[in-house]
Amino acid sequence: MAVLLLQVPGFSQDFTKDLEGNIERTAGIFHSYEACEAPGTPAPEGYVPVYVSHYGRHGSRRQAGAYATLPYETMLKADSLGLLTPLGKEFLEDVKKVYAPHEGMQGELTERGAREHAGIAQRMYGRFSQAFSGGLVRCQASIVPRCIISMANFTSSLKSQSPSICFSFVTGEKYLELLAREAKDRDSWRGRPKAAEVAAGRELLDPERLMKALFVSGKEETLNKLIPDARSSIVLMFYFISDCQDLLYELDGFDMYKYFTKDELIALGKVCNERFYTSIGNSTELGDNITWSAKPLLKDIISRADEALASAGEGRIAADLRFGHDSGLLPLAALMDIEGPSGRYPIGTAWKNGFYIWKYIPMAANLQLAFYRNGQGEVLVKILYNEVERRIPALGDGPYYDWNNLREYLLQKTVGF
């Protein structure tokens with residue numbers, strides 16, 4: 001399988017500049033994966049990779065639920081009511097093109113998502129091939145099909161690198177709960193992400209130009225019944241059309257961003273950023289509630305690492321691979337205090353502080369813990385997030401950490417569950 005590899009020159013820490021460099025990043029959690037082959041720091045002399053612990057979000061997928069259906073249904077209804085301008089009719093025809101691959105396939109992995117996971121696996125093997133030699137790779141997946149299909153593409157790619165690798169596979173409700181547990185107190189969380197989106201939309205997004213471009217004048221009463229909140233409707237349309245990048249191969253690069261101005265897209269990017277940071281990020285108000293959900297997963301990572309490091313011979317455990325969701329990975333990274341994805345800011349200000357959802361939790365986002373051992377049995381761990389070396393500030397510069405120190409630090413994070 002050919003592997004899609006996007007080179008990433010880096011991020012400027014300027015929200016607008018980064019969006020102008022790649023407007024598809026406005027999609028936030030719906031942004032397809034940008035693979036970055038950053039140079040790695042060589043391991044200290046005498047240390048070789050012996051085990052890899054991994055968590056990967058599913059790859060690029062189709063939209064689901066209201067994100068997939070409501071914009072399509074709204075535009076169809078508007079057309080039947082005679083509410084569309086000529087540009088509105090053109091927009092509707094393009095909406096139909098985007099909707100077609102969703103029929104009977106809502107939420108499912110796309111070809112781009114399959115290639116993303118194949119590429120990540122290929123590069124993982126290239127970095128840590130010694131760890132996989134003659135070992136068993138244990139795989140857990142959420143019961144959601146896009147995660148299982150991501151796992152299939154990832155492991156197939158690994159197998160193509162080394163046919164001798166053996167795999168075990170497991171899924172079930174237990175693993176959905178482990179890999180993407182809900183926040184501790186849903187009542188305190190409920191409604192806040194949507195409120196953040198609406199608040200950001202009110203402040204940043206002016207819907208007037210696009211509404212006038214798509215819908216005729218003189219029928220405001222009918223239009224207002226169909227679309228009572230123009231800002232929210234445009235945000236939903238944006239989430240729908242942002243899926244074009246994830247359908248790259250089905251739509252052959254088809255693009256709907258042409259209907260928006262650059263300023264509108266940047267505003268929508270900020271709205272999307274705040275909505276999903278509030279939902280799964282380490283915000284000042286809700287972060288402790290959200291990171292609590294990752295404590296059992298972190299315990300599982302520690303215990304499986306201990307088991308793997310103690311294994312030897314023919315049944316040696318080479319890796320643990322997990323395939324889940326954004327709601328599992330970002331809280332885990334925040335709980336671990338990984339620099340970048342653990343950023344903690346008041347709701348509504350993440351984008352102002354350099355926390356960009358498209359950078360930290362795009363499709364196929366991933367965490368890799370690579371374990372190295374020397375001849376004396378001493379173990380070091382390197383942390384990669386989205387294939388870029390990361391540090392835990394409280395433990396020093398890294399990127400290599402003594403496993404005993406890291407283990408103790410992470411165990412303290414699991415207290416209270």
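Predicted model: local features only at pLDDT ≥ 70, side-chain atom pairs only at ≥ 80, totals over all residues.
Angles between helices run from 0 to 180 degrees between N-to-C directions, and their axes are lines fitted to C-alpha atoms over the stretch in contact.

| Helix pair | Residues | Angle | Axis separation |
|---|---|---|---|
| H8 and H13 | 192-204 and 262-280 | about 160 degrees | 8 Å |
| H15 and H18 | 295-310 and 403-413 | about 150 degrees | 9 Å |

Helices H8 and H13 pack at an angle of about 160 degrees, and H8 is therefore roughly antiparallel to H13, because angles over 145 degrees count as such. Their crossing is right-handed, and the contact draws on residues of H8 including Arg192, Glu197, Ala200 and Leu204, and on residues of H13 including Ala267, Val271, Glu274 and Arg275. By class, the residues of this contact comprise 6 nonpolar, 3 polar and 6 charged.

Helices H15 and H18 pack at an angle of about 150 degrees, so that H15 is likewise roughly antiparallel to H18. H15 passes H18 in a left-handed crossing, where Lys295, Leu298, Ile302, Ala305, Asp306 and Leu309 of H15 meet Trp403, Arg407, Leu410, Leu411 and Lys413 of H18. The residues of this contact comprise 7 nonpolar, no polar and 4 charged.

The largest nonpolar core has 88 residues, and those with the most contacts inside it are Phe215 and Phe371. Leaving aside neighbours within four places in sequence, Phe371 is in contact with residues that include Ala305, Leu309 and Trp403, as well as Val48, Tyr51 and Val381. A second, separate core of 29 residues includes Tyr47, Cys147, Phe154 and Tyr372.

Technical notes: Residues numbered from 1 in each chain as written. Heavy atoms only, no water. Core = buried A, V, L, I, M, F, W, Y, C linked by side-chain atoms within 4.5 Å. Buried < 20%, exposed > 50% of the residue type's maximum accessible area, 1.4 Å probe, protein only. Contact = heavy atoms within 4.5 Å. Helix = DSSP H or I, 4+ residues; strand = E, 2+ residues; numbered from the N terminus. Parallel < 35°, antiparallel > 145°, perpendicular 65-115°, else oblique. Left-handed = near helix turned anticlockwise from the far one by under 90°. Nonpolar A, V, L, I, M, F, W, Y, C, P; charged D, E, K, R; others polar.
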